[in-house]
Amino acid sequence: MKKVRIVISLILFSLITCYFLDFADLLPQQLHGLMRWQLIPALLAMNMVVLISLVVITLLFGRIYCSSLCPMGILQDMADWLAKRFHRKKKYPHLKEQKILRWSMVALVVLAFTGGFHLILNLLDPYSAYGRIATNIFKPVYLAINNLVAAVGNYFNNYHFYEMDIFMASISSLVIAVCTLLIIGFLSYKYGRLYCNTICPVGTVLGFLAKFSLFKIKLGNNGCNSCGLCEIRCKASCIDAATKEIDYSRCVTCFNCVEVCNKKAIAYQFSGWSPNNPHTIERDSKGFDATKRTFLSASILVGLASLQKVFAGRDKDSAHKINEIYTSHNVPFKKKHPITPPGSVDVNRFNDSCTACQLCVSKCPSQVLQPTFTAYGIIGMMQPAMRFEHGYCNYHCTLCSEICPSKAIVEISEKEKKKLQVGLVHFVKENCVVVTDGTNCGACSEHCPTQAVSMQPYKGNLTIPTIHNELCVGCGGCEYICPVRPFRAIYVEGNPVHLQAKVTEEKEEKKVKVDDFGF
Amino acid sequence: MERRYFLKAVAITGVASTLKIVDGFEVLAQTSKATSGSAGYDLVAVMGGEPDQMFRRAITEMGGIGKYVKPGNKVTIKPNIGWDRNPELAANTNPVLISEIIRQCLKAGAKEVIVFDHTCDDWRKCYKNSGIEDAVIAAGGKMIPGHDESYYREIKLPRGVNLKTTKIHQAILDSDVWINVPILKNHGGAKMSIAMKNLMGIVWDRRYFHNNNLQQCIADCSTLAKKPTLNVVDAYRLMKSNGPQGKSLGDVVTSRGLFISTDIVAVDTAATKFFNQVSAMPLETVEYIGKGETLKIGTTQLEKLNIKRIKI
């Protein structure tokens with residue numbers, strides 16, 4: 001059973017991770033369905049099918065979710081596996097359940113969330129935290145390897161692999177991802193599933209359900225000689241060999257104990273609808289202290305890390321907002337609103353539903369979606385916004401809306417997208433090359449898919465960008481390509497509530513008869 | 001001294017004999033009646049056919065592809081694949097034309113035929129949705145990327161006025177022969193996008209052009225020492241308005257034309273005059289063409305050229 005669990009977990013973990021990393025569309029897009037099965041996104045999307053299924057699965061079999069579906073859980077098992085490679089005699093002592101702590105974490109998350117402060121949920125949700133690790137740490141590494149292979153290939157005139165642009169979009173997200181990885185990695189290396197069983201709100205809620213699960217691990221069957229091997233091998237520290245009891249709220253049904261028992265005295269079996277929760281654990285002051293200490297140090301670390309990143313991230317993240325360099329004829333401007341992706345309807349709705357898993361950041365083929373720092377205020381930290389330093393939103397693309405697991409970006413069709421105005425173009429005439437240098441340019445209009453920016457006659461042979469607000473979809477093509485620095489001559493201001501753009505598509509070719517060469 | 005001259009003469013005769021064989025072979029292979037192929041036209045204009053058919057006619061009149069592509073040559077073809085648009089919207093060069101050129105080059109003995117563009121929209125989407133990637137692979141060519149700075153090498157443009165150095169795609173620099181295959185389009189900034197403008201797709205930093213007198217930089221770029229061996233203007237469909245990307249089919253006119261020349265200024269002049277019949281575009285408004293003539297890249301004096309006009 002343990003082997004089956006490991007194989008399934010590794011397959012799902014690889015698929016989720018590879019889907020995050022795959023920039024070349026080698027994997028089928030349908031894989032985003034795996035993200036829909038993550039509890040918190042499903043909850044925010046009110047995806048009843050997934051929610052009911054997860055509850056039913058947990059009520060039947062226990063915390064299968066934590067063992068096989070949650071990428072963060074599997075990542076921790078990997079750290080735990082590593083630890084066992086280095087410390088053959090690694091032992092997990094039985095620990096008392098930190099009931100108050102666990103439920104106060106849930107209460108904190110729920111209270112903060114209902115109070116409109118989603119950052120805590122976004123920080124603690126294991127799937128989203130893993131998504132940020134994949135996006136901010138694994139993906140750049142993967143791209144670097146790809147570029148190395150591409151460089152070698154190109155040298156030998158092989159262009160099967162191609163170079164990819166690697167850039168750090170957000171220091172804050174990187175710092176948080178690194179801290180998450182270090183803290184959770186350390187905790188699992190040292191204490192197994194401690195994060196899942198003390199801090200993780202998903203673990204606590206599923207743990208509560210798991211107490212009533214139909215199938216459970218059962219200790220002390222015929223042949224048990226109370227050797228205690230199961231207890232020291234339990235990465236969730238939930239087995240008390242002395243009393244032969246298991247805290248089912250912390251058991252992640254990994255079957256390690258079943259496997260390890262020499263006497264075959266542990267079985268996973270039908271147990272009926274009883275909570276069967278051992279309350280008789282004696283107070284073990286040693287274990288108690290260790291847990292508390294770990295948790296405290298972890299939370300202090302998280303706190304410090306977030307503080308640190310507040311300061312570390314400031315320069316980089318705010319660089320796009322306002323640049324302090326002024327040139328003689330360059331008029332500065334400041335954007336008021338961040339631009340949310342097409343399908344997010346309005347900024348408040350988006351902030352409320354996005355768990356900052358950054359799947360869309362990883363998958364955006366134009367690299368337009370980037371994690372923010374304080375663009376949405378502190379509550380929206382790490383949630384993505386459209387930024388046009390590295391690209392602009394492709395007119396035909398609706399990928400982010402299709403893959404968003406929490407429906408923060410609602411699925412839209414290509415036709416619907418072309419009618420959406422996520423932001424509105426602003427022209428700073430004083431900065432335009434046509435005005436300042438008296439030369440042709442037109443790069444903005446060139447990139448405008450709807451000709452909301454069109455070139456109209458100006459002085460002499462010159463043409464100048466002219467704005468048609470009603471046609472603008474806010475894709476940012478104009479802002480991306482405008483050659484003027486430090487402040488561009490054209491930019492897109494976000495629409496806090498997305499509006500409709502006018503579509504003026506002619507379906508027919510003009511019938512023009514050309515029957516001579518003209519020269 | 002005598003020995004040296006003798007050896008030279010032998011070498012030249014040797015080369016000449018291979019040339020003749022290839023030439024004759026190609027002309028025969030293309031069409032039965034094309035015997036006046038080596039008449040030496042400066043520019044061939046064709047109207048009224050399909051893209052591949054018009055190219056076959058034009059290249060035969062130009063002396064056959066073998067006059068330009070030798071056995072063992074590395075050929076690079078540079079279409080315009082700037083936009084994530086399908087072929088009907090005339091934002092990108094016609095894929096049927098590209099595959100015909102590739103087939104001819106391979107038939108002439110080209111070692112490999114490479115196709116690329118530095119696109120504006122996402123290059124993967126452009127390559128795919130333009131139909132060009134599929135056409136290239138089907139014809140036996142090789143599609144390579146142009147989206148990353150590492151593919152470009154810096155060169156000097158000593159004759160350039162505003163553009164003195166720029167980074168050019170290695171596929172151009174390393175080729176033996178390169179063929180410039182733009183599509184005929186209106187352009188909001190440069191007025192027209194034809195052969196000279198298509199060279200912006202072999203360059204890495206295009207913002208520099210826009211920031212330093214676009215018209216002058218386009219002309220400067222065409223002073224490139226490694227100039228295109230042939231310029232083939234695809235005017236099967238032209239974009240009469242809202243170029244270079246276009247909005248919809250309303251911007252497209254099916255004009256069934258094709259122009260080919262070794263003179264990039266002349267071919268742009270001819271194509272602009274052709275375009276002018278559909279939508280007013282006096283030659284002098286397209287400043288880079290005049291500037292190109294000033295830089296002695298080519299001529300706008302079409303009346304002084306030997307032009308072959310064919311209506312199919």
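**Close-up views of a two-chain predicted model**

**View 1. Helix H9 of chain B and its cover.** In H9(B), the buried residues are B:Leu214, B:Gln215, B:Gln216, B:Cys217, B:Ile218, B:Ala219, B:Asp220 and B:Cys221. Here, buried means under 20% relative accessible area, exposed means over 50%, and partly exposed lies in between (1.4 Å probe, protein chains only). Helices (H or I, at least four residues) and strands (E, at least two) are DSSP runs, numbered from the N terminus. Because 8 of the 8 residues of H9 (residues 214-221) are buried, this helix of chain B is largely enclosed by the rest of the structure. The cover over these buried residues includes strand S9 (191-193), helix H7 (195-198), helix H8 (207-211) and helix H11 (287-294) of chain B.

A word on conventions before the next views: this is a predicted model, in which local features need pLDDT of at least 70 and side-chain atom pairs count only at pLDDT 80 or more, while totals for chains, interfaces and linings use all residues. Residues are numbered from 1 along each chain as its sequence is written, chains are lettered from A and ligands numbered from 1 in the order in which they are written, and side-chain values use heavy atoms, with hydrogens and water left out.

**View 2. The interface of chain A and chain B.** How many residues of each chain are in contact across this interface? On chain A there are 51, and they meet 59 residues of chain B; contact means heavy atoms within 4.5 Å. The area buried between the two chains is about 4700 Å², with 50% of it given by carbon and sulfur atoms. Buried area is the accessible area (1.4 Å probe) that two parts lose on being put together, summed over both. Between chain A and chain B, 31 residue pairs are in polar contact, both residues being at pLDDT 80 or more. On chain A, helix H21 (443-447) and helix H22 (477-481) each supply at least two residues of the side that touches chain B. The largest share of that side, 3 residues, comes from H21(A). By type, the residues of the side of chain A that touches chain B divide into 25 nonpolar, 14 polar and 12 charged. A polar contact is a pair of N or O atoms within 3.5 Å; within protein, one must be able to donate a hydrogen and the other to accept it, and residues adjacent in sequence count only if both atoms are side-chain atoms. In the grouping by type, Ala, Val, Leu, Ile, Met, Phe, Trp, Tyr, Cys and Pro count as nonpolar, Asp, Glu, Lys and Arg as charged, and the others, Gly among them, as polar.

**View 3. A salt bridge between the chains.** Across the interface of chain A and chain B, the rule finds 1 salt bridge, where a salt bridge is a side-chain nitrogen of Lys or Arg within 4 Å of a carboxyl oxygen of Asp or Glu. Its partners are B:Lys311 and A:Asp516, at 3.7 Å from N to O. The pair crosses from B:Lys311 in strand S12 (residues 307-311) of chain B to A:Asp516 in the segment after strand S10 (490-500) of chain A. A:Asp516 counts as partly exposed, at 40% relative accessibility.

**View 4. A:Glu259 and A:Lys3.** The search of the whole structure finds 18 salt bridges over all chains. In one of them, A:Glu259 pairs with A:Lys3, and the closest N and O atoms are 3.7 Å apart. Because A:Glu259 lies in helix H14 (residues 256-260) and A:Lys3 in helix H1 (residues 2-21) of chain A, the pair ties together parts that are 256 residues apart in sequence. A:Glu259 is partly exposed, with a relative accessible area of 39%, whereas A:Lys3 is exposed, at 61%.

**View 5. B:Glu149 and B:Lys167.** These two side chains meet in a salt bridge of 3.0 Å, N to O. B:Glu149 sits in the loop between strand S4 (142-143) and strand S5 (152-156) of chain B, and B:Lys167 in strand S6 (residues 165-169), 18 residues apart. Both are partly exposed: B:Glu149 has a relative accessible area of 37%, and B:Lys167 has 25%.

**View 6. Around A:Thr398.** A:Thr398 lies in the loop between strand S6 (384-386) and helix H18 (399-403) of chain A. Is A:Thr398 buried or exposed? At a relative accessible area of 11%, A:Thr398 is buried. Its side chain makes a polar contact of 2.5 Å with the side chain of A:Glu402.
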